Amino acid sequence: MTAAPVRSRGRILLSSPDVGGREQEMVAAAIASGWIAPLGPMVDAFEQRIAERCGREHAVALSSGTAALHLALLELGARPGRAVVVPTMTFVATANAVTYTGAEPVFVDCDPETGVLSPALLDAALSALGAEGTPVTAVVPVDLLGRCADYTAIDAVCARHGVPVVSDAAEALGSSWQGRPAGSFGAVAALSFNGNKIMTTSGGGMLLTDDAATAQRIRYLSTQARQPAVHYEHTEAGYNYRLSNLLAALGLAQLERLDEMIGRRRALREHYAALVDGVPGVRVFQRDGDAADNCWLTALLVDPAVAGWSVDDLRQALDDADIESRPLWKPMHRQPLFAGARGHLDGSADRLFATGLTLPSGSALTAGQVDTVLETLGDFLERHR
Ligand SMILES: *Cc1c(COP(=O)(O)O)cnc(C)c1O
């Protein structure tokens with residue numbers, strides 16, 4: 001079967017789904033098999049392959065990465081009266097998962113260079129929460145734009161304070177930290193297969209753990225907490241959070257192509273790096289970690305005092321050429337949603353937010369689209385020399 005890849009025409013987007021003939025084949029096979037309902041053999045196979053890829057004992061396929069974070073925190077005991085530490089530099093889903101449980105999100109700032117959770121500030125935050133007697137259910141490091149958090153340092157800090165780690169690896173499938181794959185860290189880890197992520201099931205997520213009892217509880221909670229009985233018997237409130245067999249088929253096809261898709265994103269980052277090489281005040285964000293990163297999104301950091309222009313100027317120029325670009329995540333402590341939330345902050349996330357811009361990074365970009373983006377960026381740099 002041949003199929004035209006499904007792509008948006010016109011505007012060049014940051015990270016569109018990279019889906020084609022193989023995906024159509026696998027979804028068609030799932031339909032032909034009659035397994036249309038949630039769950040089924042392709043969900044089982046998808047869970048097994050992801051668990052292998054991430055070096056985990058158990059994987060539970062869920063309807064989203066947010067659902068995985070929510071159930072992970074619930075299972076660890078997050079509830080009103082307890083705190084969960086979250087980096088302020090993240091997508092809102094990390095913090096929303098805490099809010100769903102009734103626990104208090106406490107925001108901690110990031111490393112100024114890499115943007116991932118600062119172990120030193122985390123230590124200070126856990127000490128302060130301990131001193132005031134607030135129990136902390138978990139710390140949720142985020143693998144920002146595919147760059148793994150510093151799990152060596154974070155694990156040491158969390159062990160000292162006796163707090164478990166829930167790894168938000170939603171952006172990081174295919175990355176690694178000191179030779180270990182993203183998703184293998186923490187008591188529990190969460191992946192996302194949303195449409196804009198490194199690979200997609202259109203919408204979906206995965207919870208990863210090495211603990212059989214945790215995996216079993218998550219399966220139970222995600223299927224309406226149904227007790228073993230011939231009728232429907234329930235003793236607690238559950239959730240409808242499982243992944244459909246059709247979407248798992250899409251995931252299996254994407255997983256076959258994951259390394260190729262990462263290779264395309266990496267090549268794009270190399271092009272950007274070559275273009276800004278030697279331009280005063282401009283550099284590629286997280287460049288020192290490239291070898292271990294999946295290069296999900298490439299961002300530039302621009303010091304306007306040195307460059308003579310700001311990321312906003314560049315964003316405008318790209319937008320005029322119908323090319324999407326976007327600032328880094330707006331820090332959670334700056335969101336109206338979390339006004340009044342507590343934080344241990346040193347201005348690093350604010351600075352990255354003010355000086356960073358993510359560029360089209362998707363593996364579905366055509367050669368022609370890549371040329372358009374690089375030419376537009378090159379012209380901008382030429383005009384602003
Ligand atoms: C995408 C994302 C999520 C949420 O994943 P969904 O599958 O969209 O629910 C959580 N955390 C981070 C850091 C993300 O980028």
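## Helix packing and the ligand site

The crossing of helix 11 and helix 13 is right-handed. The model is a predicted one.

**Helix 11 and helix 13**

- Helix 11 covers residues 311–320, and helix 13 covers residues 367–383.
- The axes of helix 11 and helix 13 come within 10 Å and cross at roughly 135°.
- Helix 11 and helix 13 are therefore oblique to each other, since an angle counts as roughly antiparallel only when it is over 145 degrees.

**Helix 3 and its partners**

- Helix 3 (65–76) and helix 4 (92–101) pack with their axes 9 Å apart, at an angle of about 45°.
- That angle makes helix 3 oblique to helix 4, because angles under 35 degrees count as roughly parallel and those from 65 to 115 as roughly perpendicular.
- The crossing between helix 3 and helix 4 is right-handed.
- Helix 3 also packs with helix 7, which consists of residues 212–221, at an angle of about 120° and with the axes 10 Å apart.
- Helix 3 and helix 7 are therefore oblique to each other as well.
- Where helix 3 passes helix 7, the crossing is right-handed.

- An N or O atom in the side chain of Glu171 is 2.5 Å from an oxygen atom of the ligand.
- A polar atom in the side chain of Ser192 lies 2.7 Å from a ligand oxygen atom.

**The shell around the ligand**

- Helix 3 and helix 4 are the elements that give two or more residues to the shell around the ligand.
- In total, 15 residues surround the ligand, and the closest are Thr66, Asp168, Glu171, Ser192 and Lys197.
- The shell residues divide into eight polar, four nonpolar and three charged.

Note on methods
Residues are numbered from 1 along each chain as its sequence is written. This is a predicted model: local features need pLDDT of at least 70, side-chain atom pairs count only at pLDDT 80 or more; totals for chains, interfaces and linings use all residues. Side-chain values use heavy atoms; hydrogens and water are left out. A residue is near a molecule or strand if one of its heavy atoms lies within 4 Å of it. A polar contact is a pair of N or O atoms within 3.5 Å; within protein, one must be able to donate a hydrogen and the other to accept it, and residues adjacent in sequence count only if both atoms are side-chain atoms. Helices (H or I, at least four residues) and strands (E, at least two) are DSSP runs, numbered from the N terminus. Ala, Val, Leu, Ile, Met, Phe, Trp, Tyr, Cys and Pro count as nonpolar, Asp, Glu, Lys and Arg as charged, and the others, Gly among them, as polar. Axes are lines fitted to C-alpha atoms, for helices over the stretch in contact, and angles run from 0 to 180 degrees between N-to-C directions. A crossing is left-handed if the near helix is turned anticlockwise from the far one by less than a right angle, and right-handed if clockwise.
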